[in-house]
Structures are given as structure tokens and as C-alpha cells.
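Please keep the structure open as you read.

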Amino acid sequence: MNETMVCAVGNVATQPVYRDLANGASARFRLAVTARYWDREKNTWTDGHTNFFTVWANRALATNVGASLSVGDPVIVQGRLKVRTETREGQSWTSADIDAVAIGHDLSRGTSAFRRPHKEGDTPPAPRPEPNWETGPGSPSEAASSQQAVPAGVT
């Protein structure tokens, strides 16, 4: 069966709700996606229609959503689109859900600090020193790059 995969860029509209269920962790939140366009007549950016999606995350992704996201955060969500129609009290309701595969902060609109969760029993890795990207003149890396490469023999 083919599924509709979507990538939605928007803001977290509701506080994520985390639940620990019998078949694993689950989290959900509402995502607000507003189109912006340049209005030539007004010579300004204008907000268009806002679409709301319910985003569902499971297992490790749900745990990380609960620990990382809050209302107003700009995020990018990738997942399977599910459009559901149901009848409640005689009225027809349509909802659009995204079963998330990946969720991350939108780094074009801010910064984020990534931390890997540690599993029980694991020792955290030793911090690695920051590499020195700026090498001074006469450093060993400059001397190595100035050497001529010798081609291998061709047979």
C-alpha cells in the first residue's frame, strides 16, 4: 500500500501530551502551519491560511518529543499523512493527522542543542576536544599538505 509522506514546517501549537502505554510510549501535539506570501500591493509579507495537524509520535521519538518540545517551538515534521472523517452527534468532522517518522527544531529560526539519550547501564562517552580548525603557519598539517603526491605505478 502506498502512503502519503509529508514534510510540514510550522510551530508547536499545544503542549505535547506524553503517555506510557502497554505497547510503548506515545506523544501527540498540534502543529500549526501558516503559509506566508509577499503581497505586492501592500509591499509586505502577509500570513495566509493556517492548517492544523495532530502529530503522533511513538516509542523513542515520543520520549524525545516529551523532553524537547514546548508550545511555540518552530519545528519540521516528516511522516505519514492520515486524513480521517467521522460523524459525531450528526455532524461530519475531518481531521488531518501525521504519524511522525522524524521531528526536529527548525534551525533557520533559532538554535538548538542536541543531546543523545543515555540508555540504562551505558556509561556516557568521554567528551571529545574541539578540533583546532585554524592552523598557524608552519604547522604539521600545512607541511603535510604542501608535499607532492607520488602517483602509483600503472601496470
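## The helix and its cover

Contact here means heavy atoms within 4.5 Å. Keep in mind that the model is predicted. With that in hand, look at helix H1, residues 59-68, whose buried residues are Leu61, Ala62 and Val65. These residues span an arc of only 100° around the axis, which puts them on the same side of H1.

What covers the buried residues of H1 includes strands S2 (17-21), S3 (24-39), S4 (44-58) and S6 (91-105). Turn to the face pointing away from the buried side and you will find the exposed residues Arg59, Ala60 and Ala67.

## Strand pairing around S5

Strand S5 (residues 74-88) pairs with strand S1 (residues 5-12) in the antiparallel sense, over seven bridges.

The largest pocket has a volume of about 590 Å³. Its lining counts 17 residues, of which Asn64, Ser68, Ala113, Phe114 and Arg115 are the closest to the centre. H1 gives the largest share of this lining, six residues. By class, the lining holds nine nonpolar, six polar and two charged residues.

The second largest pocket holds about 170 Å³ of space. Here S3 provides the largest share of the lining, four residues, and the classes are three nonpolar, three polar and three charged. Val9, Asp47 and Arg109 are among the lining residues.

Key
Residues are numbered from 1 along each chain as its sequence is written. This is a predicted model: local features need pLDDT of at least 70, side-chain atom pairs count only at pLDDT 80 or more; totals for chains, interfaces and linings use all residues. Side-chain values use heavy atoms; hydrogens and water are left out. Buried means under 20% relative accessible area, exposed over 50%, partly exposed in between (1.4 Å probe, protein chains only). Helices (H or I, at least four residues) and strands (E, at least two) are DSSP runs, numbered from the N terminus. The arc is that of the directions from the helix axis to the C-beta atoms. Two strands pair if DSSP finds at least two bridges between them. On a 1 Å grid over the protein atoms alone, a cavity is a set of points where a 1.4 Å probe fits but cannot get out, and a pocket is an open set with protein on both sides within 12 Å along at least five of seven lines; lining residues have an atom within 4 Å of a point. Grid points are joined across faces, edges and corners, and a volume is the space filled by probe spheres set on the points. Ala, Val, Leu, Ile, Met, Phe, Trp, Tyr, Cys and Pro count as nonpolar, Asp, Glu, Lys and Arg as charged, and the others, Gly among them, as polar.
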